[in-house]
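Have a look at it first, then read on.

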Amino acid sequence: MTELSFGLDTFGDVTADAAGAAVSYAQVIRDVIAQGVLADAVGVDFFGVGEHHREDFAVSAPEILLAAIAGQTRRIALGSAVTVLSSDDPIRVFQRFATLDAASGGRAEVILGRGSFTESFPLFGFDLKDYERLFSEKLDLFAHIRQGRPVTWRGSIRPPLADQRVVPPVEQGLLKTWIGVGGSPESVVRAARYDLPMLLAIIGGEPARFRPFVDLYHRAFAEAKRPVQPIGVHSPGYVADTDAQAREEFWPDYRTMHGRIGKERGWPPMQRAQFDHEADRGSLYIGSPETVARKIAATVKTLGLSRFQLKYSAGPLPHSRLMRCIELYGTRVIPLVREMLG
């Protein structure tokens, strides 16, 4: 198995200040940069920033934030979480991340996904009825571009390319690219078909229920007679000094975020008992460093992971608490998990 690495993800949620008022978008962006710099300082391996196009998230151009973080760090890998490829241009996506890779000295990664939010489709003039076709064809084009050779490609979503070079190329090797997978066996097989690492977004329920996806991924590589690529997990969580403190600090803002999105999607309001159940048995990694480390270690062993990424932001949860969470994750949780796994 590839050496285990640990990441942090944020969607750039619009946070609250000490008085409970919403922080400006500009300040949230500056705060996310500070969070990424801290993550590097405390030993986190990867920092991911999501792409959204709605009022409750401040980040619509993650590559620019990542470049700002790259200029203040030297070690941490930097990437998206995720890039909504369906409503973007694969050539431009590659160019932006190849540029980030150059600026960061080879630390760029891209996680490609279809996106669980769909605001980017009407914003950029795409029809949701083409949801599957757009991602399938654009991923195929991106895979061709990623090889670093002149591209000849034909599909239905854009004019064909004939022996077209895409610049800048990645300086060394291939651009590190993951496929984000939510809950579709087809997405698992697609990641294997393109010989790409798979990142499972597990945001609820017991992590073990995703073991069939892991097994399917391994079977697909075995049938292709290729070595299996790394598997990672992205899940929400929060670290504080004690279990009780973590739950009491995280619950109100997590409930706010869940309720806001739930109104759009027809979810019932989250109750405290449901929250506690997810923290106890599901995919909320909440608690003291020891509690969170034990839960991460169990997930790593159950699913055979090469990376775990904690989505640490949640709605209006303040910047100061996010910074403390990052500090504890890097200085306490990561070393404990490594120790537990030997």
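This is a predicted model: local features need pLDDT of at least 70, side-chain atom pairs count only at pLDDT 80 or more; totals for chains, interfaces and linings use all residues.

Residues are numbered from 1 along each chain as its sequence is written, and side-chain values use heavy atoms, leaving out hydrogens and water. Helices (H or I, at least four residues) and strands (E, at least two) are DSSP runs, numbered from the N terminus.

**Helix pairs**

- Two packed helices are described by the angle between their axes and the distance between the axes.
- Axes here are lines fitted to C-alpha atoms, for helices over the stretch in contact, with angles running from 0 to 180 degrees between N-to-C directions.
- Take H6 (residues 185-193) and H7 (residues 211-224): their axes sit 9 Å apart, at an angle of about 35°.
- On the H6 side, the contact (heavy atoms within 4.5 Å) uses Pro 185, Val 188, Val 189, Ala 191 and Ala 192, and H7 brings Phe 213, Leu 216, Tyr 217, Ala 220 and Phe 221.
- That contact of H6 with H7 has 10 nonpolar residues, no polar and no charged ones; Ala, Val, Leu, Ile, Met, Phe, Trp, Tyr, Cys and Pro count as nonpolar, Asp, Glu, Lys and Arg as charged, and the others, Gly among them, as polar.
- H8 (residues 243-265) and H9 (residues 272-281) cross at roughly 125°, with axes coming within 11 Å.
- Arg 247, Glu 248, Phe 250, Trp 251 and Tyr 254 of H8 meet Arg 272, Phe 275, Asp 276, Ala 279 and Asp 280 of H9.
- The contact of H8 with H9 splits into 5 nonpolar, no polar and 5 charged residues.

**A helix with a buried face**

- In H2 (residues 62-70), Pro 62, Glu 63, Leu 65, Leu 66, Ile 69 and Ala 70 are buried (under 20% relative accessible area; exposed is over 50%, partly exposed in between, with a 1.4 Å probe and protein chains only).
- Down the axis of H2, these buried residues fall within an arc of 160°, so they line one face of the helix; the arc is that of the directions from the helix axis to the C-beta atoms.
- They pack against H1 (25-41), E2 (46-49), E3 (77-80) and H3 (90-104).

- Most residues other than glycine have a negative phi, and most peptide bonds are trans.
- The Ala 81 to Val 82 peptide bond is cis, with omega near 5°.
- Val 167 to Pro 168 is also a cis peptide bond, with omega near 0°.
- Asp 163 has a positive phi, near 55°, and is exposed at 58% relative accessibility.
- Lys 225, in the loop between H7 and E10 (231-239), has a positive phi of about 60°.
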